[in-house]
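Keep the sequence beside the 3D view as you read.

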Amino acid sequence: MENLNSYLIVSAVLFSIGTIGVLTRKNAIVIFMCIELMLNAVNLTFVAFSRYLGNFDGQVFVFFIMTVAAAEAAVGLALFIAFFNNKDSIDVTDANLMKW
Amino acid sequence: MFDNVWLIPLFPLIGFLINGLFGKKIKNEAIIGGIGTLMIFLSFLVSCGILMQMIGLPPEQRVFEKVVFPWIHSGHFKADMAFLVDPLSVVMIMVVTGVGSLIHLYSIGYMHGEEGFYRFFAYLNLFCMSMLLLVLGSNMLVMFIGWEGVGLCSYLLIGYYFHKKSAGDAAKKAFVMNRVGDFGFLIGLFTLYWWLGSNHNIWTVNFMEIKAASHLLPYGGVVTVATLCFFLGATGKSAQIPLFTWLPDAMEGPTPVSALIHAATMVTAGVYMIGRMSFVFIKSPDTMMVIAVVGAATAIFAATIGTAQNDIKRVLAYSTVSQLGYMFLAMGVGAFSAGIFHLMTHAFFKACLFLGSGSVIHSMHHALHKIHSHDDAQDMRNMGGLRKAMPITFITFLVSTIAISGIPGFSGFFSKDEILWQSFSNPYHGNLNIVLWGIGAAAACLTAFYMFRLVFMTFFGECRINPGAKNHLHESPLVITIPLMVLGALAAFGGYLGMPKLMGLLPNYFEHWLDPVFELSTEYGSTYAQHGEHLSHGLEWGLMGLSVLIAIIGIGIAFTMYVQNTKLPGKFVATFPALHRAVYNKWYVDELYDYLFVNPCKAFGQFLWKGFDVLIVDGVVNGVANTVMGFSGIFRYLQSGYIYNYAFSMALGVVVMLGYFIFK
Amino acid sequence: METLFFLIITFVAIISAILVVTCKNPINSALSLIMTFFCLATYYVMLDAPFMAAVQVMVYAGAIMVLMVFTIMLLNIRVDASKKHSHKVVFSLIIGFFTFVNLAYVLFKSRVAVATGPYSADMIKQVGHTELIGKEMFTNFLLPFEITSILLLVAIVGAVILAKKKI
């Protein structure tokens with residue numbers, strides 16, 4: 001059984017990679033996947049802490065996060081499709097109506 | 001009945017709302033005119049009821065204040081929407097609603113077929129409401145609403161034919177000059193309020209409360225300042241020197257407007273205001289003298305101008321200014337009830353004169369219109385011999401002219417003679433009295449002269465009108481002549497209400513009626529009055545006879561010049577060309593004002609526009625805008641509008657802040 | 001033995017996570033992400049949370065990722081064609097690095113000496129992880145659990161509305 005810190009390091013690495021992905025990629029779906037990655041990194045932290053504290057609150061929280069992620073996926077992907085219908089593209093650079 | 005006093009201004013307001021909001025839809029002139037007339041007539045009935053009730057009460061109980069609703073209550077300051085019913089305001093509402101109803105009725109006939117008929121009646125009703133607020137207001141603020149309201153209506157009605165430039169200019173002139181006066185009114189109000197409040201902790205604008213506290217006011221000093229300011233307001237509204245030039249120009253409005261607003265009611269507001277606050281005015285001997293002098297000066301000054309005008313309405317306008325001068329003279333010599341009495345009789349005969357001139361213009365206009373002539377329908381040189389064509393108009397006009405000239409037996413004689421006698425015998429102005437009387441008498445002579453000149457040029461002599469139009473001249477319809485007859489009767493017999501005690505036939509009802517209002521003022525006045533020897537009845541009879549004689553001389557001169565020997569005026573002009581030119585051009589007062597005030601103002605405005613506004617104000621505004629634009633040109637790169645840039649800054653911010661809190 | 005296993009899983013997880021970010025083709029990214037999710041499921045098993053592992057596989061790898069792959073195919077996106085901004089990548093790497101530093105520091109600092117809760121590894125083995133989670137969920141977290149259903153309902157409605165032709 002590995003100690004807590006190893007899991008936390010892995011979680012931090014995954015989270016950072018997710019952040020970099022969100023910042024560098026232009027494809028909205030890929031950005032979305034990177035966000036999922038970040039969420040999962042957080043999930044790992046929750047489960048690890050939960051295990052080492054002997055408390056299940058963290059795992060229940062993970063369960064809720066998954067629910068949110070599912071809802072987010074449904075709505076988010078619907079948004080992408082609507083966006084694609086309008087702009088014929090899925091690039092965030094094309095989401096520029098706010099540009100002056 | 002007193003409790004229903006709020007109905008009096010309400011009816012015209014309803015009429016204004018109906019005609020103003022729906023008049024365009026109604027279209028039918030009979031209905032619009034009927035509503036307007038009916039509303040003011042209802043007010044007249046209520047006023048009659050109040051008068052009847054007041055007659056039944058003993059003099060001490062003839063004051064009643066009706067609070068309609070609390071208006072402004074803030075700290076010390078308290079002003080209600082309240083109406084004051086006392087003998088003075090009852091006289092005023094009787095005049096306003098009575099003459100007002102007749103003029104409304106007259107307008108139905110006179111304005112027939114005019115574009116904007118409904119607009120005219122809406123304004124007229126609004127005017128009546130404002131005027132009634134003015135005379136009924138129980139505090140200075142309600143009075144001020146009315147004061148401003150009548151100014152506004154005057155502006156609207158002078159500019160009724162707004163497509164004519166001269167009418168628009170006249171309206172603006174009237175409004176601006178009234179503003180100068182209103183400024184004085186407000187300053188006076190503030191001064192009085194401030195002085196009473198800060199020195200005696202009586203914070204009030206209510207007339208009755210000021211009256212109760214008036215014994216605290218000093219003689220002269222701050223009261224002089226306040227009353228002079230009030231008097232400035234009165235000169236603006238009542239067309240006295242120096243603010244009188246707007247009234248003759250105001251004749252650009254329709255004739256009923258001239259009759260109602262610029263002769264019978266609105267222009268007397270200044271006189272009424274002085275009467276209402278007589279207990280303050282009398283406390284300043286200096287102000288009283290200023291009022292008397294200005295009144296006398298205006299009376300003679302306007303009368304001289306009136307002798308040389310050819311426009312029938314302009315003559316009447318200068319006559320109005322002159323008669324208002326008499327009223328101020330009366331106020332200035334402490335003869336308040338005589339002033340108010342002249343106000344009333346003047347309302348009768350001057351309204352009748354204006355309506356009569358309107359009737360003449362109306363018929364002239366139609367006759368000239370029939371033959372497509374472009375002669376001026378208001379120029380007396382185009383008239384003459386109209387008495388046969390328009391007998392009713394002629395008779396009522398003649399009666400009113402006799403009344404204004406001061407021939408015994410007619411209303412103007414009683415009031416004017418009372419004023420002249422009081423200006424001679426009053427105990428306030430010492431040696432100035434004889435001068436005031438002299439000026440008043442000279443003005444009376446001129447009045448008789450120019451009024452009969454008007455009558456002779458219009459109704460006598462041979463007809464100078466275009467021969468083709470002559471056959472089209474005819475008497476005006478009944479709706480016009482009925483008001484004329486009623487007013488003519490009032491002009492003839494209205495004076496018996498205030499017959500001098502001297503004659504002993506009738507008690508001076510009018511003076512007794514107003515006694516409770518002016519009692520206190522007389523009491524204050526007596527503290528500095530110089531009582532000379534008692535003037536005998538013989539002297540009074542003598543002066544009365546003298547003033548009648550003077551009037552008859554004036555009439556005689558007019559008769560000689562304009563009926564017997566019609567070449568005389570031309571010779572006179574040829575002999576004194578400079579004098580005639582000066583009088584004909586109204587002593588160049590307008591030009592003087594243009595030179596002194598208007599042109600400097602315009603130049604200053606030009607400077608402010610070109611120099612100050614364009615360079616400095618616009619420069620600052622544009623400079624600020626340009627600076628902001630320059631900076632935003634740099635900073636706008638932060639706001640790219642792309643989502644990922646915002647995500648980037650957010651992540652950066654999170655990292656930096658997290659790092660700061662972790663590693664600090 | 002277990003340490004070696006942990007290291008291998010960690011290696012795979014990080015490599016596939018990097019692939020998610022770097023792959024030009026979104027399909028490849030998606031597949032790499034699925035790999036990462038499996039690795040995480042493995043971690044959950046190692047952390048005595050088999051139920052979470054199952055849910056992870058079913059919900060993430062099974063439901064969400066299928067949805068994503070479907071969307072990618074539906075929109076027929078092949079390659080992320082837009083050219084990259086190098087400075088943006090550099091900045092992002094810097095930010096990512098500092099994120100990592102921050103997180104690692106915080107996580108290291110949070111020392112957990114003793115287990116405070118009632119659930120030990122033995123107890124989980126004895127009673128069963130699913131049952132314990134279920135008990136927790138339907139007793140202490142009943143209200144949030146019910147509210148979750150509302151969230152899902154809203155998501156369904158939102159997705160249906162957004163999927164209409166004309167928004």
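A nonpolar core is a set of buried Ala, Val, Leu, Ile, Met, Phe, Trp, Tyr and Cys residues joined through C-beta atoms within 7 Å. A residue is buried if 20 or more other C-beta atoms lie within 10 Å of its own, exposed if 12 or fewer, and partly exposed in between, with C-beta atoms placed from the backbone. The model is predicted: local features need pLDDT of at least 70 and side-chain atom pairs count only at pLDDT 80 or more, while totals for chains, interfaces and linings use all residues. Residues are numbered from 1 along each chain as its sequence is written, and chains are lettered from A and ligands numbered from 1 in the order in which they are written.

Start with the largest nonpolar core. It holds 213 residues. B:Phe127, B:Leu132, B:Leu329, B:Ala351, B:Leu487 and B:Ala491 touch the most other members. Now look at B:Phe127. Beyond its neighbours within four places in sequence, B:Phe127 contacts B:Val150, B:Cys153, B:Leu157 and B:Ile261. Here, contact means that two C-beta atoms, placed from the backbone, lie within 7 Å. A second, separate core has 73 residues, including A:Ala12, A:Ala69, B:Ala651 and C:Val20.

Next, the helices of chain B. Helices (H or I, at least four residues) and strands (E, at least two) are DSSP runs, numbered from the N terminus. B:Ile261 belongs to α10(B) and is buried there. Helix α10 spans residues 255–264 of chain B, and 10 of its 10 residues are buried, so it is largely enclosed by the rest of the structure. Its buried residues pack against α3 (87–110), α4 (117–136), α5 (140–158), α9 (246–249), α14 and α15 of chain B.

Helix α16 (residues 391–405) of chain B has 15 residues. It reaches 21 Å from its first C-alpha to its last, close to the 21 Å expected at 1.5 Å a residue. The expected span is 1.5 Å times one less than the number of residues. In α16(B), 11 of the 15 residues are buried, so this helix too is largely enclosed by the rest of the structure. Among the buried ones are B:Phe394, B:Phe397 and B:Ile402. Its buried residues pack against α14 (312–332), α15 (336–370), α17 (411–425), α18 (432–459), α20 (478–493) and α22 (537–564) of chain B. B:Gly406 follows α16(B), with a positive phi near 90°.

Now turn to the backbone. Most residues other than glycine have a negative phi, and most peptide bonds are trans. B:Asn201 has a positive phi of about 55°. B:Asn201 sits in the loop between α6 (165–200) and α7 (207–213) of chain B. It counts as exposed because it has 8 C-beta neighbours inside 10 Å. B:Trp587 also has a positive phi, near 60°. Its loop runs between α24 (577–584) and α25 (589–635) of chain B. With 14 C-beta neighbours inside 10 Å, B:Trp587 counts as partly exposed. A cis peptide bond joins B:Ile241 and B:Pro242, with omega about 10°. B:Pro242 lies in the loop between α8 (222–238) and α9 of chain B.

Finish with chain A. It has 3 helices and 0 strands. Of its 100 residues, 58% count as buried.
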